[in-house]
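User: Hello! I am new to this structure and would like to understand the terms used to describe it. Could you take me through them?

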Amino acid sequence: MEWEVVIGLETHVQLSTKSKIFSGASAAFGAEPNTHACPIDLALPGCLPVLNREAVEKAIRFGLAINAKVANRSVFDRKHYFYPDLPKAYQISQFEHPVVIGGELTIQVENPDGTTYAKTVHLTRAHLEEDAGKSVHGIVHGKTGIDLNRAGTPLLEIVSEPEMRSSAEAVAYARALHELVTWIGVSDGDMQKGNFRCDANVSVRPKGQKEFGTRCEIKNLNSFKFLQAAIDYEVRRQIELISEGGKVVQATRLYDPDNDETREMRTKEDSMDYRYFPDPDLQPLEISDEWIDEVRATMPELPGAALNRLIQEYGINEADAIQLTSHRPLTVYFETAAANVKDKKSVANWIRGEVLAKLNAAELTIEESPVSAEQVGQILNRMSDGTLNQKGARTVFSAIWEKKGDNVDALIETLGLKQISDTGAIEAAIDAVLAANPKMVAEFKSGKEKAFNALVGQTMRLTKGKANPAQVNEILRAKLAQ
């Protein structure tokens, strides 16, 4: 039997506000336990929530970015359930009347053969809510501690339609969503801190069947690798279970990466189990068209528009443009470096090669690069005007990286890297190499092309890597042809 996979994602994005969604306590990560928890977060009697305006503006911002409807009126509800780290025994969320309705996100999905295809995933909604606290195990043997620093941090829960049909599509959607929320500045998207985490709703059905199968929800997946692995395992589990005559039970499951499996946490609740009702402590949220227009006026260029512009304005290929627009600071870095460089493609190649390789090896972000975009532009200009060759450019780049200097021209002089472009000097070096290597000359003339490369290498060695490689190749070939 041929099976079809049905996947929908619920993504919790922590909004990058300084304070929490309903209190003035700090939303900063990493403080000592319970030092960022005020009486409202602790649910002490008589404490009333007050909505954070910045959290609402970030929700509006997201709604505009996905071409959704931003509701002029939305309602906060109480969602009842008990966890030790939820002091009120309910979560303030939105249910029937969310702040963002609909929207869509176009993703690029890679096939196993390396080709890609575009797919548009429609969104159901995005709603504001507060996060719960955190249970901490193992500090005291046999006991669990409760840290309420995270309680009340603002979340935007983004719910997709069940339109994805493979783990590859789900990961492509999650990556695109992560790129978008960081690009427009509503979240830092730090997955290690839990600021971007996904719940995957997964079901299977026979190919051609219209009715959905019974779904299971895999909670709190905070890496793209785990998201893909968890979905793939769950799909296999459900297909095997049904094929053997069993039935899938609607449940909430947890992915165990050590054993690469999902395990049942609890049978799944439906909305009625949460006893939703409007929170009497909060008025309905009213968002005027004027407020929406104010936020719209501050919106940055979106990733898709930036990608198309880089292709058209800078003449770079689509693969380069996709990578350079994967992160807004990277786009800014590229455009700053390319501002005064004639060959824009060389800038794209240098950033994708030298810069990103160094950053990845050092586990740094583009914002943390020791070499500025302006310095990269200066290095490339010195290559284009013949002052530096490729090797010299890399040496200057490494010197700035290692804080041996920050002035490109001064480093070229200090390190003696100025490229030799004088024809007479290069001819003299080549003549010396030819005289010293008659065997290589004979091998080249007998048809061995490798000998030519060896002679080029000898010439570069003799000039301490300073000779212009293009001139070396041209002059050497001319002399060997005599």
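This is a predicted model: local features need pLDDT of at least 70, side-chain atom pairs count only at pLDDT 80 or more; totals for chains, interfaces and linings use all residues.

User: Why is Glu234 called buried?

Analyst: The word applies under 20% relative accessible area. Glu234 has a value of 0%, so it is buried. Ser167 in helix α2 passes the same test, because its 9% is also under 20%. Ser167 touches Ile7, Gln228, Ile231 and Asp232, leaving aside residues up to four places away in sequence.

User: What makes Ile146 partly exposed?

Analyst: You can find Ile146 in strand β10, residues 144-147. Beyond its neighbours up to four places away in sequence, Ile146 touches Asn34, Pro84, Asp85, Lys134 and Ser135. Leu86 is 60 residues from Ile146 in sequence, and their C-alpha atoms are 9.5 Å apart in space.

User: How do you know that Glu4 and Arg165 form a salt bridge?

Analyst: A salt bridge needs a side-chain nitrogen of Lys or Arg within 4 Å of a carboxyl oxygen of Asp or Glu. The closest N and O atoms of Glu4 and Arg165 are 3.6 Å apart, so the pair qualifies. This pair links distant parts of the chain: Glu4 sits in strand β1 (residues 3-14), Arg165 in the loop between β11 (154-160) and α2, and 161 residues separate them. Glu4 is buried, because its 17% is under 20%. Arg165, at 27%, is partly exposed.

User: What makes a group of residues a nonpolar core, and how many residues has the largest one?

Analyst: The members must be buried residues of the nonpolar kinds counted, joined through side-chain atoms within 4.5 Å. The largest such core has 66 residues, and Phe62, Ile158 and Tyr173 have the most contacts inside it. Helix α2 (residues 167-183) contributes the most to this core, with 10 residues. Among the residues that Ile158 touches are Phe62, Leu123, Tyr173, Leu177 and Val181. Apart from this core lies another, of 36 residues, including Ala321, Val355, Ile379 and Trp401.

User: How are the packed helices α8 and α9 described?

Analyst: Two packed helices are described by the angle between their axes and the distance between the axes. The axes of α8 and α9 (residues 373-384) come within 11 Å and cross at roughly 120°, in a right-handed crossing. Ser346, Val347, Trp350 and Val355 of α8 make the contact with Val376, Ile379, Leu380 and Met383 of α9. By class, seven of these residues are nonpolar, one is polar and none is charged.

User: Where does α10 come in?

Analyst: Helix α10 (residues 390-401) packs with α8 (residues 344-362) at an angle of about 35°, their axes being 12 Å apart. The crossing of α8 and α10 is right-handed. The α8 side of the contact includes Trp350, Val355 and Leu359, and the α10 side includes Ala393, Phe397 and Trp401. The residues of this contact divide into seven nonpolar, two polar and three charged.

User: Why point out the phi of Asn34 and Ala89?

Analyst: Most residues other than glycine have a negative phi. Asn34 has a positive phi near 65° and is not a glycine, and the phi of Ala89 is also positive, at about 65°. Asn34 is in the loop between β1 and α1, while Ala89 is in the loop between β4 (77-80) and β5 (90-93). Asn34, at 35%, is partly exposed, and Ala89 counts as partly exposed at 30%.

Notes: Residues are numbered from 1 along each chain as its sequence is written. Side-chain values use heavy atoms; hydrogens and water are left out. Helices (H or I, at least four residues) and strands (E, at least two) are DSSP runs, numbered from the N terminus. Contact means heavy atoms within 4.5 Å. Axes are lines fitted to C-alpha atoms, for helices over the stretch in contact, and angles run from 0 to 180 degrees between N-to-C directions. A crossing is left-handed if the near helix is turned anticlockwise from the far one by less than a right angle, and right-handed if clockwise. Ala, Val, Leu, Ile, Met, Phe, Trp, Tyr, Cys and Pro count as nonpolar, Asp, Glu, Lys and Arg as charged, and the others, Gly among them, as polar. Buried means under 20% relative accessible area, exposed over 50%, partly exposed in between (1.4 Å probe, protein chains only).
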